[in-house]
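Me: I'm new to this structure and would like to learn how to read it. Could you take me through it one feature at a time?

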Amino acid sequence: MKRELEILAQAETDKRYGTPPSERPISEHIRLGMINLNKPPNPSSNEVASWVRKVLGVKHAGHGGTLEAKRPGRSNGYRRTPRSA
Amino acid sequence: MVTGVLPVALEDATKAIQAFLFSGKEYVCLMQLHEDVDPERTKTILNEFTGEIYQRPPLRASVKREVRKRTIYKIDLLEVESRRVLFRVACQAGTYIRKLCSDIGEALGCGAHMRELRRTRAGPFTEDENHYTLQEVQEAKRLYDEEGREGNLREVIRPVEEAFKYIPKIYIRDSAVDAICHGAELAIPGIVKLETGIKPGGAVAIYTLKDEVVALAEAQLSTENVIDAERGIAAKTRRVVMKLGTYPREWGGRQR
(Lines give C-alpha, C1' and ligand atoms only; values in the text may rest on other atoms or scores of the structure.)
Protein backbone atom coordinates (compact mmCIF):
# COMPACT_ATOMS: atom_id res chain seq x y z
CA MET A 1 0.00 0.00 0.00
CA LYS A 2 1.43 3.34 -1.08
CA ARG A 3 0.87 6.21 1.30
CA GLU A 4 1.05 9.89 0.39
CA LEU A 5 1.92 12.74 2.74
CA GLU A 6 -0.59 15.53 3.30
CA ILE A 7 0.92 18.78 4.62
CA LEU A 8 -1.29 20.76 6.98
CA ALA A 9 1.11 23.42 8.23
CA GLN A 10 4.64 24.70 7.91
CA ALA A 11 6.79 24.11 10.98
CA GLU A 12 10.45 23.84 11.94
CA THR A 13 11.97 21.47 14.45
CA ASP A 14 14.43 22.71 17.08
CA LYS A 15 17.70 20.80 16.81
CA ARG A 16 18.37 21.20 20.53
CA TYR A 17 15.76 18.53 21.29
CA GLY A 18 15.51 14.93 20.15
CA THR A 19 17.73 13.18 17.58
CA PRO A 20 16.99 11.68 14.17
CA PRO A 21 17.06 7.85 14.55
CA SER A 22 20.20 7.46 12.41
CA GLU A 23 22.16 9.93 14.55
CA ARG A 24 21.41 8.57 18.01
CA PRO A 25 24.41 8.04 20.30
CA ILE A 26 25.05 4.30 20.72
CA SER A 27 23.47 4.08 24.19
CA GLU A 28 20.27 5.68 22.86
CA HIS A 29 20.45 3.49 19.77
CA ILE A 30 20.44 0.41 22.03
CA ARG A 31 17.71 1.78 24.31
CA LEU A 32 15.48 2.24 21.24
CA GLY A 33 16.74 -0.80 19.35
CA MET A 34 15.19 -3.76 17.57
CA ILE A 35 16.97 -6.89 16.40
CA ASN A 36 15.60 -8.90 13.50
CA LEU A 37 16.97 -12.12 14.94
CA ASN A 38 17.54 -15.34 13.05
CA LYS A 39 16.25 -17.79 15.62
CA PRO A 40 18.22 -21.05 15.97
CA PRO A 41 16.34 -24.39 16.14
CA ASN A 42 16.43 -25.36 19.76
CA PRO A 43 15.93 -22.70 22.41
CA SER A 44 12.42 -21.25 22.77
CA SER A 45 11.64 -17.67 21.77
CA ASN A 46 11.72 -16.64 25.41
CA GLU A 47 15.09 -18.24 25.97
CA VAL A 48 16.46 -16.48 22.90
CA ALA A 49 15.19 -13.09 24.10
CA SER A 50 16.73 -13.59 27.52
CA TRP A 51 20.00 -14.61 25.89
CA VAL A 52 20.01 -11.34 23.91
CA ARG A 53 19.34 -9.44 27.11
CA LYS A 54 22.37 -10.99 28.82
CA VAL A 55 24.74 -10.62 25.88
CA LEU A 56 23.93 -6.95 25.39
CA GLY A 57 23.74 -6.23 29.10
CA VAL A 58 20.33 -4.55 28.86
CA LYS A 59 17.55 -4.67 31.43
CA HIS A 60 14.71 -5.60 29.09
CA ALA A 61 14.39 -7.53 25.87
CA GLY A 62 11.09 -8.83 24.55
CA HIS A 63 10.22 -10.78 21.45
CA GLY A 64 7.28 -10.22 19.16
CA GLY A 65 5.42 -13.33 18.05
CA THR A 66 6.34 -16.62 19.65
CA LEU A 67 8.16 -19.13 17.50
CA GLU A 68 7.94 -22.47 19.28
CA ALA A 69 6.62 -22.05 22.78
CA LYS A 70 7.84 -24.09 25.69
CA ARG A 71 4.94 -25.67 27.52
CA PRO A 72 3.27 -22.91 29.50
CA GLY A 73 3.06 -23.43 33.23
CA ARG A 74 5.03 -26.41 34.39
CA SER A 75 8.23 -27.57 32.80
CA ASN A 76 8.41 -31.09 31.37
CA GLY A 77 8.41 -33.91 33.88
CA TYR A 78 7.56 -31.64 36.76
CA ARG A 79 5.04 -32.99 39.20
CA ARG A 80 3.58 -30.80 41.88
CA THR A 81 4.02 -32.27 45.30
CA PRO A 82 0.81 -32.56 47.30
CA ARG A 83 0.20 -29.62 49.56
CA SER A 84 0.83 -30.39 53.19
CA ALA A 85 -2.02 -29.51 55.48
CA MET B 1 12.48 -27.47 14.75
CA VAL B 2 11.33 -23.89 14.43
CA THR B 3 13.66 -21.21 13.12
CA GLY B 4 13.65 -17.87 11.33
CA VAL B 5 12.51 -14.31 11.87
CA LEU B 6 12.12 -13.44 15.56
CA PRO B 7 12.00 -9.68 16.19
CA VAL B 8 13.54 -8.85 19.58
CA ALA B 9 12.97 -5.41 21.11
CA LEU B 10 15.42 -3.86 23.60
CA GLU B 11 14.63 -1.63 26.58
CA ASP B 12 12.17 1.14 25.59
CA ALA B 13 11.64 -0.46 22.17
CA THR B 14 9.64 -3.20 23.96
CA LYS B 15 6.85 -0.63 24.12
CA ALA B 16 6.60 -0.83 20.34
CA ILE B 17 6.03 -4.57 20.13
CA GLN B 18 2.30 -4.06 19.62
CA ALA B 19 3.13 -2.29 16.37
CA PHE B 20 3.90 -5.56 14.61
CA LEU B 21 2.56 -8.26 16.93
CA PHE B 22 -0.71 -8.45 15.06
CA SER B 23 0.78 -8.16 11.59
CA GLY B 24 0.91 -10.94 9.01
CA LYS B 25 3.44 -13.75 9.04
CA GLU B 26 5.04 -15.88 6.34
CA TYR B 27 6.49 -19.34 6.78
CA VAL B 28 8.13 -22.14 4.87
CA CYS B 29 6.90 -25.42 6.33
CA LEU B 30 7.99 -29.02 5.95
CA MET B 31 5.03 -31.34 6.50
CA GLN B 32 5.21 -35.11 6.92
CA LEU B 33 2.32 -37.13 5.49
CA HIS B 34 1.49 -40.41 7.20
CA GLU B 35 0.64 -42.27 3.97
CA ASP B 36 1.47 -41.90 0.28
CA VAL B 37 -0.65 -39.26 -1.44
CA ASP B 38 -0.76 -38.21 -5.08
CA PRO B 39 1.07 -34.83 -5.18
CA GLU B 40 -1.69 -33.38 -7.38
CA ARG B 41 -4.23 -34.18 -4.69
CA THR B 42 -2.02 -32.65 -2.02
CA LYS B 43 -1.86 -29.50 -4.10
CA THR B 44 -5.64 -29.34 -4.49
CA ILE B 45 -6.24 -29.80 -0.77
CA LEU B 46 -3.58 -27.21 0.14
CA ASN B 47 -5.32 -24.68 -2.09
CA GLU B 48 -8.58 -25.33 -0.26
CA PHE B 49 -6.94 -24.02 2.90
CA THR B 50 -6.60 -20.47 1.53
CA GLY B 51 -9.06 -17.86 2.73
CA GLU B 52 -10.82 -18.10 6.06
CA ILE B 53 -10.16 -21.16 8.17
CA TYR B 54 -11.29 -22.20 11.64
CA GLN B 55 -8.72 -23.37 14.18
CA ARG B 56 -8.89 -24.61 17.72
CA PRO B 57 -5.60 -23.75 19.47
CA PRO B 58 -3.56 -26.86 20.36
CA LEU B 59 -3.68 -28.48 23.82
CA ARG B 60 -0.41 -26.85 24.69
CA ALA B 61 -1.39 -23.27 23.97
CA SER B 62 -1.02 -20.03 25.87
CA VAL B 63 -4.43 -18.73 24.73
CA LYS B 64 -7.99 -19.79 25.47
CA ARG B 65 -8.84 -22.97 23.58
CA GLU B 66 -11.82 -21.82 21.60
CA VAL B 67 -12.24 -22.06 17.84
CA ARG B 68 -10.87 -18.97 16.14
CA LYS B 69 -11.21 -17.68 12.62
CA ARG B 70 -7.94 -16.98 10.82
CA THR B 71 -7.15 -15.92 7.26
CA ILE B 72 -4.65 -17.77 5.10
CA TYR B 73 -3.64 -15.28 2.44
CA LYS B 74 -1.66 -17.70 0.32
CA ILE B 75 -0.34 -21.26 0.25
CA ASP B 76 2.16 -22.37 -2.40
CA LEU B 77 3.32 -25.95 -2.76
CA LEU B 78 7.09 -25.83 -3.28
CA GLU B 79 8.23 -29.45 -3.39
CA VAL B 80 7.06 -33.00 -2.72
CA GLU B 81 9.47 -35.82 -1.94
CA SER B 82 7.64 -39.06 -1.17
CA ARG B 83 5.71 -38.26 2.03
CA ARG B 84 7.41 -34.96 2.71
CA VAL B 85 5.70 -31.78 1.51
CA LEU B 86 7.36 -28.38 1.48
CA PHE B 87 5.05 -25.36 1.21
CA ARG B 88 5.08 -21.61 1.74
CA VAL B 89 2.23 -19.95 3.62
CA ALA B 90 1.28 -16.32 4.30
CA CYS B 91 -1.21 -15.94 7.11
CA GLN B 92 -2.78 -13.74 9.74
CA ALA B 93 -1.10 -13.35 13.15
CA GLY B 94 -2.08 -16.11 15.57
CA THR B 95 -2.36 -18.93 13.04
CA TYR B 96 -0.96 -22.19 14.37
CA ILE B 97 1.01 -23.85 11.57
CA ARG B 98 1.43 -27.11 13.49
CA LYS B 99 -2.36 -27.24 13.71
CA LEU B 100 -2.70 -26.30 10.04
CA CYS B 101 -0.57 -29.33 9.13
CA SER B 102 -2.65 -31.78 11.15
CA ASP B 103 -5.85 -30.28 9.69
CA ILE B 104 -4.43 -30.68 6.17
CA GLY B 105 -3.60 -34.28 7.08
CA GLU B 106 -7.16 -34.82 8.17
CA ALA B 107 -8.53 -33.31 4.96
CA LEU B 108 -6.27 -35.63 2.97
CA GLY B 109 -7.54 -38.53 5.04
CA CYS B 110 -4.09 -39.89 5.86
CA GLY B 111 -2.96 -37.69 8.73
CA ALA B 112 0.07 -35.39 8.74
CA HIS B 113 2.29 -33.47 11.10
CA MET B 114 4.67 -30.51 10.97
CA ARG B 115 8.31 -31.54 10.79
CA GLU B 116 10.11 -28.24 10.42
CA LEU B 117 9.08 -24.62 10.25
CA ARG B 118 10.91 -21.47 9.25
CA ARG B 119 9.38 -18.03 9.63
CA THR B 120 10.40 -15.85 6.70
CA ARG B 121 8.48 -12.70 7.65
CA ALA B 122 6.91 -11.09 10.72
CA GLY B 123 5.25 -7.83 9.68
CA PRO B 124 8.04 -5.44 8.62
CA PHE B 125 10.86 -7.89 9.43
CA THR B 126 12.03 -10.35 6.77
CA GLU B 127 14.78 -12.89 6.21
CA ASP B 128 16.28 -10.78 3.47
CA GLU B 129 17.04 -7.55 5.28
CA ASN B 130 19.22 -6.97 8.35
CA HIS B 131 18.63 -10.46 9.65
CA TYR B 132 21.27 -11.57 12.18
CA THR B 133 22.13 -14.64 14.23
CA LEU B 134 22.84 -14.73 17.98
CA GLN B 135 26.55 -15.17 17.13
CA GLU B 136 26.54 -12.03 15.00
CA VAL B 137 24.91 -10.07 17.82
CA GLN B 138 27.52 -11.35 20.24
CA GLU B 139 30.40 -10.53 17.88
CA ALA B 140 29.07 -6.99 17.30
CA LYS B 141 28.92 -6.45 21.06
CA ARG B 142 32.46 -7.80 21.50
CA LEU B 143 33.85 -5.47 18.81
CA TYR B 144 32.24 -2.56 20.59
CA ASP B 145 33.39 -3.58 24.09
CA GLU B 146 36.95 -4.55 23.18
CA GLU B 147 37.76 -2.27 20.26
CA GLY B 148 35.23 0.52 20.64
CA ARG B 149 33.83 -0.13 17.17
CA GLU B 150 30.17 0.83 16.95
CA GLY B 151 29.63 -0.03 13.28
CA ASN B 152 28.54 -3.67 13.61
CA LEU B 153 26.36 -2.99 16.63
CA ARG B 154 24.57 -0.25 14.67
CA GLU B 155 23.93 -2.69 11.82
CA VAL B 156 22.72 -5.55 14.01
CA ILE B 157 20.50 -3.31 16.15
CA ARG B 158 17.94 -1.34 14.15
CA PRO B 159 16.08 1.80 15.20
CA VAL B 160 12.68 1.01 16.74
CA GLU B 161 11.11 3.09 13.97
CA GLU B 162 11.58 0.14 11.59
CA ALA B 163 8.82 -1.69 13.48
CA PHE B 164 6.35 1.02 12.32
CA LYS B 165 7.02 0.59 8.61
CA TYR B 166 3.45 -0.34 7.67
CA ILE B 167 1.62 1.89 10.15
CA PRO B 168 0.38 5.27 8.87
CA LYS B 169 2.13 8.22 10.50
CA ILE B 170 1.16 11.60 11.87
CA TYR B 171 3.96 14.16 12.27
CA ILE B 172 3.55 16.71 15.03
CA ARG B 173 5.01 20.03 16.19
CA ASP B 174 7.87 20.07 18.70
CA SER B 175 5.52 21.86 21.09
CA ALA B 176 3.06 18.92 21.09
CA VAL B 177 5.62 16.17 21.74
CA ASP B 178 5.91 16.33 25.52
CA ALA B 179 2.14 16.39 26.00
CA ILE B 180 1.89 13.15 23.97
CA CYS B 181 4.71 11.69 26.10
CA HIS B 182 2.46 12.39 29.10
CA GLY B 183 -0.35 10.45 27.42
CA ALA B 184 -2.41 13.37 26.07
CA GLU B 185 -4.71 13.03 23.07
CA LEU B 186 -3.45 14.50 19.82
CA ALA B 187 -5.46 17.55 18.75
CA ILE B 188 -5.51 18.71 15.14
CA PRO B 189 -3.59 22.01 15.69
CA GLY B 190 -0.57 19.96 16.84
CA ILE B 191 -0.33 18.20 13.46
CA VAL B 192 2.12 19.33 10.79
CA LYS B 193 1.62 16.55 8.22
CA LEU B 194 0.04 13.11 8.00
CA GLU B 195 -0.14 10.11 5.73
CA THR B 196 -3.14 9.04 3.69
CA GLY B 197 -5.11 5.92 4.56
CA ILE B 198 -5.72 6.67 8.25
CA LYS B 199 -9.06 5.24 9.42
CA PRO B 200 -10.90 5.91 12.70
CA GLY B 201 -10.19 3.09 15.16
CA GLY B 202 -7.04 2.02 13.32
CA ALA B 203 -3.47 2.21 14.58
CA VAL B 204 -1.36 5.30 13.82
CA ALA B 205 2.19 6.19 14.78
CA ILE B 206 2.89 9.68 16.11
CA TYR B 207 6.24 10.99 14.86
CA THR B 208 8.35 14.10 15.44
CA LEU B 209 9.61 16.21 12.54
CA LYS B 210 12.97 14.47 13.09
CA ASP B 211 11.36 11.13 12.19
CA GLU B 212 11.48 9.80 15.76
CA VAL B 213 8.54 7.77 17.01
CA VAL B 214 6.74 9.35 19.98
CA ALA B 215 3.86 6.95 20.53
CA LEU B 216 1.49 4.41 19.10
CA ALA B 217 -2.06 5.76 19.00
CA GLU B 218 -5.60 4.94 17.93
CA ALA B 219 -6.92 7.19 15.15
CA GLN B 220 -10.18 9.02 15.88
CA LEU B 221 -10.53 10.67 12.48
CA SER B 222 -9.64 9.68 8.93
CA THR B 223 -6.92 11.52 7.02
CA GLU B 224 -9.60 13.40 5.04
CA ASN B 225 -11.49 14.49 8.16
CA VAL B 226 -8.31 15.80 9.77
CA ILE B 227 -7.60 17.87 6.64
CA ASP B 228 -11.12 19.33 6.64
CA ALA B 229 -11.51 20.03 10.35
CA GLU B 230 -9.70 22.78 12.22
CA ARG B 231 -10.01 21.42 15.69
CA GLY B 232 -10.83 18.16 17.38
CA ILE B 233 -9.00 15.05 18.52
CA ALA B 234 -7.21 13.24 15.72
CA ALA B 235 -5.79 10.34 17.78
CA LYS B 236 -5.77 8.88 21.28
CA THR B 237 -2.36 7.96 22.64
CA ARG B 238 -2.13 4.25 23.48
CA ARG B 239 1.53 3.42 24.07
CA VAL B 240 4.27 6.02 24.59
CA VAL B 241 7.70 5.03 23.29
CA MET B 242 9.64 8.30 23.72
CA LYS B 243 11.17 9.21 27.08
CA LEU B 244 9.51 12.05 29.02
CA GLY B 245 11.34 15.33 28.80
CA THR B 246 13.01 14.61 25.44
CA TYR B 247 11.24 17.74 24.18
CA PRO B 248 10.50 20.79 26.37
CA ARG B 249 7.22 21.04 28.20
CA GLU B 250 5.11 23.73 26.52
CA TRP B 251 1.71 23.01 27.88
CA GLY B 252 -0.33 23.26 31.06
CA GLY B 253 0.51 26.82 32.04
CA ARG B 254 3.61 27.91 33.91
CA GLN B 255 6.58 25.62 34.21
CA ARG B 256 7.95 24.84 37.59
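**Helices side by side**

Reply: Let's start with a pair: helix α2(A) passes α4(B) in a right-handed crossing. A crossing is left-handed if the near helix is turned anticlockwise from the far one by less than a right angle, and right-handed if clockwise. Helices (H or I, at least four residues) and strands (E, at least two) are DSSP runs, numbered from the N terminus.

Me: Before we go on, how are things numbered, and what kind of model is this?

Reply: Residues are numbered from 1 along each chain as its sequence is written, and chains are lettered from A and ligands numbered from 1 in the order in which they are written. This is a predicted model, where local features need pLDDT of at least 70, side-chain atom pairs count only at pLDDT 80 or more, and totals for chains, interfaces and linings use all residues.

Me: At what angle do α2(A) and α4(B) pack, and how far apart are their axes?

Reply: Two packed helices are described by the angle between their axes and the distance between the axes. Here α2 of chain A (residues 45-56) packs against α4(B) at about 15°, with the axes 10 Å apart. That makes α2(A) roughly parallel to α4(B). Axes are lines fitted to C-alpha atoms, for helices over the stretch in contact, and angles run from 0 to 180 degrees between N-to-C directions. Angles under 35 degrees count as roughly parallel, over 145 as roughly antiparallel, 65 to 115 as roughly perpendicular and the rest as oblique.

Me: Which residues meet there?

Reply: From α2(A) come A:Trp51, A:Val52, A:Val55 and A:Leu56, and they meet B:Leu134, B:Val137, B:Gln138 and B:Lys141 in α4(B). Two residues are in contact if their C-beta atoms, placed from the backbone, lie within 7 Å. An α-helix has 3.6 residues a turn, so residues three or four places apart point the same way.

Me: How many residues does α4 of chain B have, and what follows this helix?

Reply: Helix α4 of chain B (residues 134-147) has 14 residues and spans 20 Å from first C-alpha to last, close to the 20 Å expected. That expected span is 1.5 Å times one less than the number of residues. After α4(B) comes B:Gly148, with a positive phi near 70°.

Me: Which residues other than glycine have a positive phi?

Reply: Most residues other than glycine have a negative phi. B:Ser82, though not a glycine, has a positive phi of about 45°, and B:Asn130 has one of about 50°. B:Ser82 sits in the loop between β4 (68-81) and β5 (84-91) of chain B, while B:Asn130 is in the loop between β7 (125-126) and β8 (131-132) of that chain.

Me: What is the overall pattern of chain A?

Reply: Chain A holds 2 helices and 3 strands, in the order β-α-β-α-β. Of its 85 residues, 27% count as buried.

Me: Where does A:Asn36 lie, and what is in contact with this residue?

Reply: A:Asn36 is in strand β2 of chain A (residues 33-39). A:Asn36 is buried because 23 other C-beta atoms lie within 10 Å. Leaving aside neighbours within four places in sequence, its contacts are B:Val5, B:Pro7, B:Phe125, B:Asn130, B:His131, B:Tyr132 and B:Arg158.

Me: How many residues are in the largest nonpolar core?

Reply: In soluble globular proteins, nonpolar side chains tend to be buried together. A nonpolar core is a set of buried Ala, Val, Leu, Ile, Met, Phe, Trp, Tyr and Cys residues joined through C-beta atoms within 7 Å. The largest one here has 82 residues, and those with the most contacts inside it include B:Ala16, B:Ile170 and B:Val204. Beyond four places in sequence, B:Val204 touches residues including B:Pro168, B:Ile198 and B:Ala235.

Terms used:
Buried ≥ 20, exposed ≤ 12 C-beta atoms within 10 Å, placed from the backbone.
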